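I opened this notebook to record what I looked up in the structure. The entries follow the strands and then the surface.

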Amino acid sequence: GTLPFILPALEQSTVYNKIPDGHLNIDQLGNRRWFRQAELFLLAQARLSAFVCPSDTEETGTDRVLSRSHMYRNATGGVTHQAFSLTNVGFGITSYVGSAGRRGAVDRNRGIFFNRSKTKFRDITDGSSYTMMYGETKAGPNLAYVWISAGPISSAFGFGDRFSHWGSYHPGGIMTIGLADGSTRTISDNIDFQLFRNLTMMADGDVIGEY
């Protein structure tokens with residue numbers, strides 16, 4: 001996931017330093033999944049308030065957690081979305097996930113985060129103040145993302161209370177987003193859908209005005 005990398009910036013170096021050597025390498029292909037390694041399984045149960053929105057009253061009662069999510073180009077040229085879940089045994093939950101753009105890494109409509117991404121500021125050609133880096137998600141009525149492995153999600157499916165959907169428990173359909181320039185703002189789930197998609201993409205070339 002993306003969140004372990006920002007732990008030091010959140011004054012959570014104690015947690016960060018417990019991640020075993022080598023597991024902050026973004027290419028883990030062929031390695032055992034984190035929940036099959038005792039150190040990471042235990043660390044995933046740390047509950048970090050910075051990763052949970054105060055309005056997210058459902059996060060402690062979810063039955064299952066999403067251990068990872070993935071998007072890839074399939075044989076027919078379309079995009080396949082996959083998610084793998086685990087029984088929630090007290091994992092630390094996150095209300096926030098990274099933005100994968102409209103379709104992840106599969107085309108020019110990618111977001112800041114995608115599989116094995118190493119995005120630099122110069123890659124955000126749409127402008128850092130007009131590109132979404134993180135946002136809130138409800139994941140599902142009985143499902144949540146675990147902070148240690150929360151993968152980025154796309155804007156293809158919009159808002160709602162399901163896997164790969166954006167949304168929050170704030171009254172009135174308000175959702176907080178974090179932009180690439182470090183600022184935060186709130187948007188409504190009634191926002192023009194194409195405009196929202198444009199916000200999640202970093203180099204689609206469309207000009208975004210005030211919103």
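This is a predicted model: local features need pLDDT of at least 70, side-chain atom pairs count only at pLDDT 80 or more; totals for chains, interfaces and linings use all residues.

**Strand pairing**

I looked up strand β4 (residues 96–98) and found that three bridges join β4 to β5, the two running antiparallel. Strands here are DSSP E runs of at least two residues, and helices are H or I runs of at least four, numbered from the N terminus. Two strands count as paired if DSSP finds at least two bridges between them. I noted that G98 stands opposite Y134 in β5.

Residues are numbered from 1 along each chain as its sequence is written, and side-chain values use heavy atoms, with hydrogens and water left out.

I then followed β5 to strand β7 (residues 174–179): three bridges join them, again antiparallel. M132 has L179 in β7 as its bridge partner. Of the five residues in β5 (residues 132–136), four are buried (under 20% relative accessible area; exposed is over 50%, partly exposed in between; 1.4 Å probe, protein chains only).

**The open sheet**

I traced an open sheet of four strands in the order β2-β1-β6-β3, with mixed pairing. Its edge strands, β2 (79–87) and β3 (93–94), each pair on one side only. Strand β1 (residues 64–73) and strand β6 (residues 143–146) are parallel, with three bridges. One residue I checked was R64, whose bridge partner in β6 is L143.

I finally looked up L10, which lies in the segment before α1 (13–16). L10 is partly exposed, with a relative accessible area of 34%.
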